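Subject: Structure handover

Hello,

Here is the structure I promised to pass on. Please open it alongside this note.

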Amino acid sequence: MSLLTLCLTFFALISSASNYPNKTIRLVVPFEPGGSSDITARIVASEMQKTLGQTIIVENLGGVGGSRGSEVVTKSSPDGYTLLWGNVAPIAINQHLYKNLNYDSQKNLIAISLATIFPNVLVVQPGLKSNTFASFMAQSKKEFSNLTYASAGNGSSTHLAGAWLNDLLGSKWLHVPFKGGGPALLAIASGQVDFYFSAIPSALPFIRAGKVFPLATTGKVRDPSLPNVPTIAEQGFPQFEVINWNGLFAPANTPPEIIQQLSKSMMDALVSPIVKEKLTAQGAIAMPMKPQEFSKFISEESIKWEKLVKLAHASIE
């Protein structure tokens with residue numbers, strides 16, 4: 001690209017930033033419809049439309065553990081009209097898991113704000129004899145080579161959470177990966193697999209219907225949607241914390257003025273009582289962060305998940 005072209009592109013971006021937004025915004029969710037990322041994106045985007053004064057179209061581009069849609073955004077024009085609703089997988093895990101990833105989440109994307117956090121919940125199939133985390137640990141030690149745990153796929157946060165607890169307990173559970181959280185939950189509900197570290201929003205309908213039983217959550221404090229379910233941290237493993245999260249991102253080189261405007265709109269949406277109520281009903285907690293705070297959060301998450309990927313010996317070509 002010539003110097004003239006670079007200059008023209010720069011001034012075009014500056015000009016577009018001054019009257020941003022003046023057309024529809026595309027928000028890419030790098031997962032299939034109906035999951036926790038898709039649901040939370042639509043809740044927050046609906047509120048952001050009011051302050052931005054433009055329609056936000058949510059587009060689902062699933063595949064490759066969230067990397068397909070994320071890569072599309074990194075290669076989009078940095079004008080604020082194509083954004084990413086990223087989560088822990090494509091932002092903090094996949095760079096350590098996939099050998100041939102075509103983007104760098106910390107170099108090719110700008111963090112705008114953390115949106116929601118929600119821990120996983122350890123759920124067991126109805127036929128398992130354990131109805132508390134303590135009895136589960138006892139059963140695990142007694143039948144350490146016979147228990148099986150599902151995951152949403154090799155290298156997913158649900159897989160790595162299981163691998164971490166497996167290591168802490170000194171067990172030898174058999175990992176059974178599925179193609180997504182939905183199939184994994186169905187396998188637990190039907191008794192095909194013994195337990196699963198599910199994202200809370202996905203597990204709540206199954207828990208409420210009595211199809212799976214919750215033993216413990218994976219945050220530092222109890223989740224508001226499951227107040228009677230203890231955390232693994234309070235069961236004798238204070239270092240154990242596995243949270244899922246969603247946040248808003250823009251392609252690298254998006255003008256600072258646009259990032260600031262999107263950040264303000266996002267923060268306003270997340271403190272809205274209506275949005276907070278809707279998110280809580282989904283088992284998610286609104287957690288707004290300024291761009292600099294969010295960038296630091298991502299760096300820390302990346303370091304943590306890199307260690308867990310190595311612990312699980314997980315790798316995808």
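How much space lies in the largest pocket? About 1,000 Å³. Keep in mind that this is a predicted model.

The pocket

The lining of the largest pocket is made up of 46 residues. Phe31, Asn87, Ala152, Gly180 and Gly181 lie nearest the centre. By class, the lining has 24 polar, 19 nonpolar and 3 charged residues.

Several elements supply at least two lining residues each. The helices are H2 (36–52), H4 (88–97), H6 (157–169), H7 (181–189) and H8 (200–208). The strands are S4 (109–124) and S7 (195–199). Which helix gives the most to the lining? That is H4, with 5 residues.

Next, look at strand S9, residues 243–251. 9 of its 9 residues are buried, so S9 is largely enclosed by the rest of the structure. The cut-off for buried is under 20% relative accessible area.

S9 pairs with S4 through 9 bridges, and the two run antiparallel. Here Ser113 has Leu248 of S9 as its bridge partner. S9 is also joined to strand S3 (residues 82–87), by 4 bridges, and this pair runs antiparallel too. In that pairing, Asn87 stands opposite Asn246 in S9.

Start with Ser302. This residue lies in helix H11, residues 291–311. Is Ser302 buried or exposed? Its relative accessibility is 6%, so Ser302 counts as buried. The side chains of Ser302 and Gln95 are joined by a polar contact of 3.0 Å. Leaving out residues up to four places away in sequence, Ser302 touches Ala92, Gln95, His96 and Gln106.

Then go to Val176, in strand S6 (residues 174–177). Val176 has 23% relative accessibility, so this residue counts as partly exposed. Which residues does Val176 touch, not counting those up to four places away in sequence? They are Thr148, Tyr149, Ala150, Ser151 and Val193. Val176 and Gly153 are 23 residues apart in sequence, and their C-alpha atoms are 8.3 Å apart in space.

That is the handover.

Best wishes

Notes
Residues are numbered from 1 along each chain as its sequence is written. This is a predicted model: local features need pLDDT of at least 70, side-chain atom pairs count only at pLDDT 80 or more; totals for chains, interfaces and linings use all residues. Side-chain values use heavy atoms; hydrogens and water are left out. On a 1 Å grid over the protein atoms alone, a cavity is a set of points where a 1.4 Å probe fits but cannot get out, and a pocket is an open set with protein on both sides within 12 Å along at least five of seven lines; lining residues have an atom within 4 Å of a point. Grid points are joined across faces, edges and corners, and a volume is the space filled by probe spheres set on the points. Ala, Val, Leu, Ile, Met, Phe, Trp, Tyr, Cys and Pro count as nonpolar, Asp, Glu, Lys and Arg as charged, and the others, Gly among them, as polar. Buried means under 20% relative accessible area, exposed over 50%, partly exposed in between (1.4 Å probe, protein chains only). Contact means heavy atoms within 4.5 Å. A polar contact is a pair of N or O atoms within 3.5 Å; within protein, one must be able to donate a hydrogen and the other to accept it, and residues adjacent in sequence count only if both atoms are side-chain atoms. Two strands pair if DSSP finds at least two bridges between them.
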